[in-house]
Amino acid sequence: MAPEMDDFIAGYHRFRAGTWHNERARFDALSKFGQKPRALVIGCSDSRTDPQMVFNAAPGELFIIRNVANLVPPYGPDGQPHGISAAIEFAVRALKVPHIIILGHAMCGGIQALLNGPPGEVSDFVGQWVRIAEPARARAMKASPEHRQDICEHESVRLSLDNLMTFPWIASAVGAGNLKLHACFFDVRSGVLERLGTDGNFKPVAE
């Protein structure tokens, strides 16, 4: 077995001895009664940003979707497979989550690919995927080069929030007061979480 896999198996043993043992009653309840997550979190696949860790959530509390650059595509059923939209539909229509959180982050490689083009070795899918956030890129390009990455990262979160409202069953649930949408941004460098306020600006969450 590869040394890396040995490390993961050792981690599993620590999980069994620690988390599983301490949370056994919770896992038993989840297995018997099913899941009822408190929120759907749409985050980035980046290994440095773990939504469950950022929100210090327990097992069963978060239904998490992760993809390159934490993007939400616009609603568009066309008979083709749509993995992200399918997961959103399951969380909203089947699990009836009361909250959806878009979680962006600093130093996002997907946003870098959007701004500068994807590296050659990831040319099959990444470029086409991040083009979902083209409106965010267009807004960011109006800024000075040193600020474009940060602005585009924040604008892509706003765009994903807007795209959620193109799903008719999300718009209706929001309109009925049964679903609330939120946007957050995590800075990997500082550990600070920002939240989009009613004034349209991201502000650090008070500690």
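Helices (H or I, at least four residues) and strands (E, at least two) are DSSP runs, numbered from the N terminus. With that in hand, let's look around this structure.

The model is predicted, so local features need pLDDT of at least 70 and side-chain atom pairs count only at pLDDT 80 or more, while totals for chains, interfaces and linings use all residues. Residues are numbered from 1 along each chain as its sequence is written, and side-chain values use heavy atoms, with hydrogens and water left out.

**Salt bridges**

Side chains of opposite charge can pair when their charged atoms come close. A salt bridge here is a side-chain nitrogen of Lys or Arg within 4 Å of a carboxyl oxygen of Asp or Glu.

| Side chains | N to O distance |
|---|---|
| Glu 23 and Arg 26 | 3.0 Å |
| Glu 155 and Arg 158 | 3.2 Å |
| Lys 203 and Asp 199 | 2.9 Å |

Salt bridges that share partners join Arg 139, Glu 155 and Arg 158 into one network. Glu 155 and Arg 158 are separated by about one helical turn, because they stand 3 residues apart in helix α8 (residues 145-164).

How open are these residues? For relative accessible area, buried means under 20%, exposed over 50%, and partly exposed in between (1.4 Å probe, protein chains only). Glu 155 has 15% relative accessibility, so it counts as buried. Glu 23 is partly exposed at 25%, and Arg 26 is partly exposed at 34%. Lys 203, at 46%, is partly exposed, as is Asp 199 at 43%.

**Pockets**

Rolling a probe the size of a water molecule over the atoms shows where empty space is left. On a 1 Å grid over the protein atoms alone, a pocket is an open set of points where a 1.4 Å probe fits, with protein on both sides within 12 Å along at least five of seven lines; lining residues have an atom within 4 Å of a point. A volume is the space filled by probe spheres set on the points, which are joined across faces, edges and corners.

The largest pocket holds about 350 Å³ of space. It is lined by 13 residues, and the closest to its centre are Arg 38, Ala 39, Phe 55, Leu 62 and Ile 101. Strands β3 (99-105), β4 (180-186) and β5 (193-196) each give two or more residues to this lining.

The second largest pocket has about 290 Å³ of space. Among the residues lining it are His 82, Phe 125 and Trp 129. Helix α4 gives the most to this lining, with 3 residues.
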